[in-house]
Amino acid sequence: MKDKKEVRHIVLLVLPYSTLLDVCGPLDVFQKAIDYMDEAVPEPDFTYQTHIVSTHKNKRIDLKAGISIISKGYYKEIDYPIDTLIIGGNSHKEEYKLKKMKH
């Protein structure tokens, strides 16, 4: 029986009006890493868990392509250690610039 693996949390903070590639690219990379880790010999003692989080309390994030995604939550509500933080996107709309975020 395998011991429980350490979870390394990968947080993707998605800005409104980001592109699909800003979101899907990093998620696909870490999913592929998870797939390879499951097949590795010897098997690593950790695994990754990805989280998409929003820059605002509304979990819905509108993307540039005209679709929306639902995040796991608001970045201020994170209650686990962040091992890797990726900021997805660079909104060109002034009201959504990261420096303009209101807490």
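**Figure 1. Order of elements along the chain.** Read along the sequence, the pattern is β-α-β-β-β-β-β. The protein chain of this predicted model holds one helix and six strands. Of its 103 residues, 27% are buried. The chain exposes about 7,000 Å². Carbon and sulfur atoms supply 54% of that area. Among contacts with a separation of 6 or more, 66% link residues 24 or more positions apart.

**Figure 2. The open four-stranded sheet.** The strand order is S5-S2-S1-S6, and the pairing is parallel. Strand S5 (73–74) and strand S6 (84–88) stand at the edges. Each has a single partner strand, so one side of each lacks a neighbour in the sheet. Helix H1, residues 20–39, packs on the sheet. H1 touches S1, S2 and S6. The direction of H1 makes about 165 degrees with that of S2.

**Figure 3. The S1–S2 pair.** Strand S1 covers residues 6–14, and strand S2 covers residues 46–54. Nine bridges join the two, which run parallel. Leu-13 stands opposite Val-53 in S2. Arg-8 is set opposite Tyr-48, again in S2. From S1 the chain crosses through H1 to S2, and this β-α-β crossover is right-handed.

**Figure 4. Pairing at S5.** S2 and S5 pair in the parallel sense. Two bridges make up this pairing. Val-53 has Gly-73 as its bridge partner in S5. Val-53 also stands opposite Leu-13.

**Figure 5. Pairing at S6.** S1 and S6 pair in the parallel sense over five bridges. Val-14 has its bridge partner in S6, and that partner is Gly-88. Val-14 also belongs to the largest nonpolar core.

**Figure 6. The largest nonpolar core.** Seven residues form this core. They are Leu-12, Val-14, Val-23, Ile-52, Ile-61, Leu-63 and Ile-69. Ile-69 has core contacts with Val-23, Ile-52, Ile-61 and Leu-63, among others. Lys-59 and Arg-60 are also in contact with Ile-69. This contact list leaves aside neighbours of Ile-69 within four places in sequence.

**Figure 7. Glu-77 in the loop between S5 and S6.** Glu-77 is found in the loop that links these two strands. Its relative accessibility is 52%. Residues over 50% count as exposed, so Glu-77 is exposed. Lys-57 lies 20 residues away from Glu-77 along the chain. The C-alpha atoms of Glu-77 and Lys-57 are separated by 9.1 Å.

Methods. Residues are numbered from 1 along each chain as its sequence is written. This is a predicted model: local features need pLDDT of at least 70, side-chain atom pairs count only at pLDDT 80 or more; totals for chains, interfaces and linings use all residues. Side-chain values use heavy atoms; hydrogens and water are left out. Two strands pair if DSSP finds at least two bridges between them. Contact means heavy atoms within 4.5 Å. Axes are lines fitted to C-alpha atoms, for helices over the stretch in contact, and angles run from 0 to 180 degrees between N-to-C directions. A nonpolar core is a set of buried Ala, Val, Leu, Ile, Met, Phe, Trp, Tyr and Cys residues joined through side-chain atoms within 4.5 Å. Buried means under 20% relative accessible area, exposed over 50%, partly exposed in between (1.4 Å probe, protein chains only). A crossover is right-handed if, with the strands pointing away from the viewer, the path from the first strand over the helix to the second runs clockwise. Accessible areas come from the Shrake-Rupley method with a 1.4 Å probe; for residues, only the protein chains shown count as cover.
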